[in-house]
Amino acid sequence: MRALVLEELVGPRGLSVRDGVAVPAPGVGEVLVKVGAAGVNFADVMQTRGTYDGGPQAPYVAGFEAAGEVVAVGAEVDPALVGTRVIGTGPGAFAEYMVMAAANLARVPEGWRDEQALGLVLNWATALAALRPLGQLKAGQTVLVHAAAGAVGQAAVRLAKHYGATVIGTASSEKHEVVRRLGADHVVDYRTEDITDAVRRLTDGKGVDVVLESVGGETFRKSLQVAKPVTGKVVVFGVAGGEASVSNWELNFKHQVHVIGLHIGLLAEHAPETFAELHEELGRLIEIGVYPPGEPTVYDLADGPKALAELEARATVGKIALKP
């Protein structure tokens, strides 16, 4: 099969298309999927640089999110799944075929193309988990969404507005109109404005109830500063801007806030009931039109290195997809 392979951990430029790669075989509890479209995530960039905890070692077939048709099943999997269009995760998504765990599959919504379903089990599930079961968002509260023009950020803006929140998004100036169209009440240019000063001004010095923190680095410090004392929550699900830390001394004396870690794969593994509830809610949101079919920017598999490089450079808007 055709696949995008990373030969060494040197970043996106280390990726190249290979023909004749062996088609994987589904094991116990797994399905083989003919990939219709694969999703590109910042974790893919991190993996190409070896900075993603527990990531694959080179050489490897890149990617881990895709939608497509089940063409074979492994042991202990219902054979009736063959022919079903699904969205899920697993190793080697940037290829014509990949295997996925049957237990964590979601069906592609009726009438949606494969690429339109990308983000269902990752981006939208992450945004919803951050806002509701973890962030405990309530109507009338204020949310700060970093990287609001990205795939998770766009989902978060839509969801937060649906649940009755005031939304402050951060994005570079050329992406502000996109974020406003999604419903954000305010957009801050993180390149030219001080986030802490801007958020304090927009909230009359009160701070925000929930911060969706996907950036890390110095932005993480600013997120702690703008969360409401005592009740504010900072939900951390990304480290695109580098590592950052907070000490027990700071939490005691300087930042009396809730810092919550989120990794949607681990949530699915360790809190399956919560994960199932997330997908029930996402199904309802699809039915009522809050969650519309996705409109990703689609690249050919051979342009995968370019797609990942642009994502790393923060030059993209919304979801990115690769077509095998």
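Leu-131, Leu-137, Val-143, Leu-159, Ile-264 and Leu-282 touch the most other members of the largest nonpolar core, which has 54 residues. A nonpolar core here is a set of buried Ala, Val, Leu, Ile, Met, Phe, Trp, Tyr and Cys residues joined through side-chain atoms within 4.5 Å. Buried means under 20% relative accessible area, exposed over 50%, and partly exposed in between (1.4 Å probe, protein chains only). H3, E9, H4, E12, helix H9 (264–270) and H10 each supply at least two residues of this core. H3 gives the largest share, seven residues. Helices (H or I, at least four residues) and strands (E, at least two) are DSSP runs, numbered from the N terminus. A second, separate core has 28 residues, including Ala-38, Val-45, Val-77 and Tyr-299. In soluble globular proteins, nonpolar side chains tend to be buried together.

This is a predicted model: local features need pLDDT of at least 70, side-chain atom pairs count only at pLDDT 80 or more, and totals for chains, interfaces and linings use all residues. Residues are numbered from 1 along each chain as its sequence is written, and side-chain values use heavy atoms, with hydrogens and water left out.

What does Val-143 touch beyond its neighbours within four places in sequence? Its contacts (heavy atoms within 4.5 Å) are Leu-131, Leu-137, Ala-160, Ala-165, Thr-166, Val-167, Ile-168, Val-210 and Leu-212.

Helix H4 covers residues 151–162. Buried residues of H4 are Val-152, Gly-153, Gln-154, Ala-155, Ala-156, Val-157, Leu-159 and Ala-160. Their cover includes H3, E9, strand E10 (166–170), helix H5 (176–181), E12 and helix H10 (272–287). After H4 comes Gly-164, with a positive phi near 90°.

Most residues other than glycine have a negative phi, and most peptide bonds are trans. The table lists departures from this.

| Site | Backbone value | Loop |
|---|---|---|
| Ala-58 and Pro-59 | cis peptide bond, omega about 0° | Pro-59: between helix H1 (42–49) and strand E4 (60–61) |
| Gln-136 | positive phi, about 50° | between helix H3 (123–134) and strand E9 (142–145) |

Is Gln-136 buried or partly exposed? Gln-136 counts as partly exposed, because its relative accessibility is 43%. Asp-204 is exposed, at 67% relative accessible area.

Definitions and conventions:
Expected span 1.5 Å × (residues − 1).
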